[in-house]
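Could you walk me through this structure, stop by stop, while I have it open in my viewer? I'd like to know what to select next and what is there.

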Amino acid sequence: MMGYYIRLAIRGLRRNVALTALMIVAVGVGIGASMTMLTTLRAMSADPIPDKDSKLFVPQIDTWGPDSRHGEQDDRLQDQLSYGDAMALMRAHRGARQTAMYAVSMDVSPEGAAAGTATSAKPFQASGRAAYNDFFSMFEVPFRSGGPWGAVDDEHGANVVVLSGRLADRVFPGTDAVGKTISLDGRDYRVVGVLKPWSPLPHYYDLTQSAFTAMEDFYLPFAMAIDRHLESYGNNNCRAAPSPGWEGRLNSDCVWLQFWVELPGAAAARDYRAFLANYAAQQRLSGRFHWTDRVELHDVREWMVQNKVVSDEVKVNTMIGAGVLAVCLINAIGLMLAKLASRAADLGIRRALGGSRRDIFLQCMSETAVVGLLGGVLGLVLTAVGLAANRALLAPVAKHISLDSLTRLDTGMVGITLAVAIFSTLCAGLYPTWRATSVQPAWQLKAG
Amino acid sequence: MLKMIHLSKVYRTEVVETYALRDFSIHVKEGEFVAVTGPSGSGKTTFLTIAGLLEEFTGGQYQLDGADVHGLNDNQRSRLRNQKIGFIFQSFNLIPDLNVFDNVDVPLRYRRLPGAERRKRINESLERVGLSARAKHYPAELSGGQQQRVAIARALAGSPRLLLADEPTGNLDSQMARGVMQLLEELHRDGATIVMVTHDPELAARAQREVRIVDGQVIDLAAQTRLVGEPQPRPGV
């Protein structure tokens, strides 16, 4: 019977093309406006690592004391750790896996690659990350070839590197880069692994600059980066000016390292929190902290909320988009009422010929669903236009942000858009349909 | 087949109650062809819509094919209407979007009959009214008489126990009206029970029996006849 209703729906819509087109436009505009905003909101609020979001934690230690917190920071602890604290946590090795890390930037010199494979003579700058080898397994980084460096490489600060697929393809086109050498800042590094495309969104493991920053092109052992005095390309915050030189930086209370630990369950998290509290207490007893100990441990979701990955502005815009959809649907309701009023006689005949209220309801709702589907398709087109406009508007002011990721209309979003269009139109169609099914057939037939 | 006993229909507003039918009793036996006549506003169409389960009544009893219809819900009434009643309306009431075949198909769809059974019934009905060749035409492409024959085919397709016709020739010229009337008479000869509302005395005279409604009540024509020396009637109207 549903096939019959759908065929009737298509016939019914063709009956008054102008009214049908208006309804589709009303739904399409509302869907376009709301989905443009929702696409961005969805990208921002996506769970970047759903199967481990409650196992990965960021520890925070109150290294600067309450006097350092004021204004917008309010009661929040520092998001990063000092080198000393990060190394203490690494040495303690209390999690199943852990890594300290920081963002770096280096010049890639293609001529440093194996002879005859370089494609361009000009060096170019690439962003990277210095981390421990646990980084790759903790964050489920997928490899195209090779793999992460080993623990021994971490200890000895070996000259090894993992490349993104993009950088590998650029420097070593058409060949597997694993085993080859690449020149970074004038030094040769042996490529041990090449990644598959990987761009978790938001960029949750380092939110210090932007949650939507472009992904790194290479990864180096942390100890080697420290040995080479590779400067941080991320946020560096100091309460007091550090002593000059690299050693001064390492020995200071400046916070510039991200730290993540993998804890398999609630008990492990509880133990780790106790360990952190104990560490802070020791620091106070040693005379480093002159305030009440304070430590925190946040999982991925908590960390993203605390860092306001989804800005208030985006939330407000999404609500405005939903408001536009509501206004458009109210207009669609009016149009549907007009359309069904013009069909009252037909519906009355159907009732007289044995159609129950349920039959009429399903017929009208099928017609509404077809309007919703067509409105959804139009809404998809308008969403794509809206996202392209967003990209064009933001491009000049957001050079380091991965706009493509934020404004991508992926398969999931296409499905959501069509589902929202059909569902919201069906909701809007409930009242007109109820009115249509309430018509007494006798009155329609007498009037006829 | 159709039995109404002391039936009433009242339309109520905040200030006034209007009786469309009052103490209305009628009994139509199986295979009868009854003409219901009366002046405009007498309640003929109200009687027909109640008889066709399109409208509920206020008081009294109504039995259709031996079953009391009082208190049936919308689904039950729709099913009963679909299975037992065929409608023929003055203004044909065909659905303009659907061709002849699909118009006749409508009541069969609601009966959830399988496709092959529906096609067989539709073809037989259209053949019966002589419109097989017009199955793919749309109502707007047909004359008034042809449209009414489509409506009759639609009513027949479901093999109803009762045919209710509301001024079936009211919108037709005399030639077309004659054709439609002949068709109804044929159906009656084949055993159909027909209740036809009309204000045309000529048509009423061609029915087996005439029931006259005035001010929402059945006028006992036999009683009027008795006044001039006819024998006592049997019980029932």
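Helices and strands here are DSSP runs, numbered from the N terminus; a helix needs at least four residues and a strand at least two. Keep in mind as you click that this is a predicted model.

**Stop 1: chain B as a whole.** Select chain B and switch to a cartoon view. You will find 8 helices and 10 strands. Of the 237 residues in this chain, 45% count as buried. Among contacts in chain B with a separation of 6 or more, 71% link residues 24 or more positions apart.

**Stop 2: the sheet of 6 strands.** Now colour the strands of chain B in the order 6-7-8-3-9-10, which together make an open sheet with mixed pairing. At its edges sit strand 6 (85-88) and strand 10 (217-219) of chain B, each of which pairs on one side only. From one strand to the next, the twist averages 25°.

Then zoom in on strand 3 (residues 33-37) and strand 9 (residues 209-214) of chain B: they run parallel and are joined by 4 bridges.

Stop 3: Move on to the open sheet of chain B with the order 2-1-4-5, where the pairing is antiparallel. Its edge strands are strand 2 (17-28) and strand 5 (67-68) of chain B. Strand 5 pairs with strand 4 (residues 59-64) of chain B over 2 bridges, in the antiparallel sense. For a landmark, select Gln63(B), which stands opposite Asp68(B) in strand 5 of chain B.

What packs on this sheet? Select helix 1 (residues 44-51) of chain B, which touches strand 1 (2-12), strand 2 and strand 4 of chain B. Its direction makes about 65° with that of strand 2 of chain B.

**Stop 4: where the chains meet.** Finally, show both chains. The contact takes 21 residues from chain B and 21 residues from chain A. On the chain B side, helix 1, helix 2 (74-84) and helix 3 (100-110) each supply at least two residues. Which helix of chain B gives the most? Helix 2 of chain B does, with 5 residues. Colour the side of chain B that touches chain A by residue type, and you will get 7 nonpolar, 8 polar and 6 charged residues.

Technical notes. Residues are numbered from 1 along each chain as its sequence is written. Chains are lettered from A and ligands numbered from 1 in the order in which they are written. This is a predicted model: local features need pLDDT of at least 70, side-chain atom pairs count only at pLDDT 80 or more; totals for chains, interfaces and linings use all residues. Two strands pair if DSSP finds at least two bridges between them. Two residues are in contact if their C-beta atoms, placed from the backbone, lie within 7 Å. Axes are lines fitted to C-alpha atoms, for helices over the stretch in contact, and angles run from 0 to 180 degrees between N-to-C directions. Ala, Val, Leu, Ile, Met, Phe, Trp, Tyr, Cys and Pro count as nonpolar, Asp, Glu, Lys and Arg as charged, and the others, Gly among them, as polar. A residue is buried if 20 or more other C-beta atoms lie within 10 Å of its own, exposed if 12 or fewer, and partly exposed in between; C-beta atoms are placed from the backbone.
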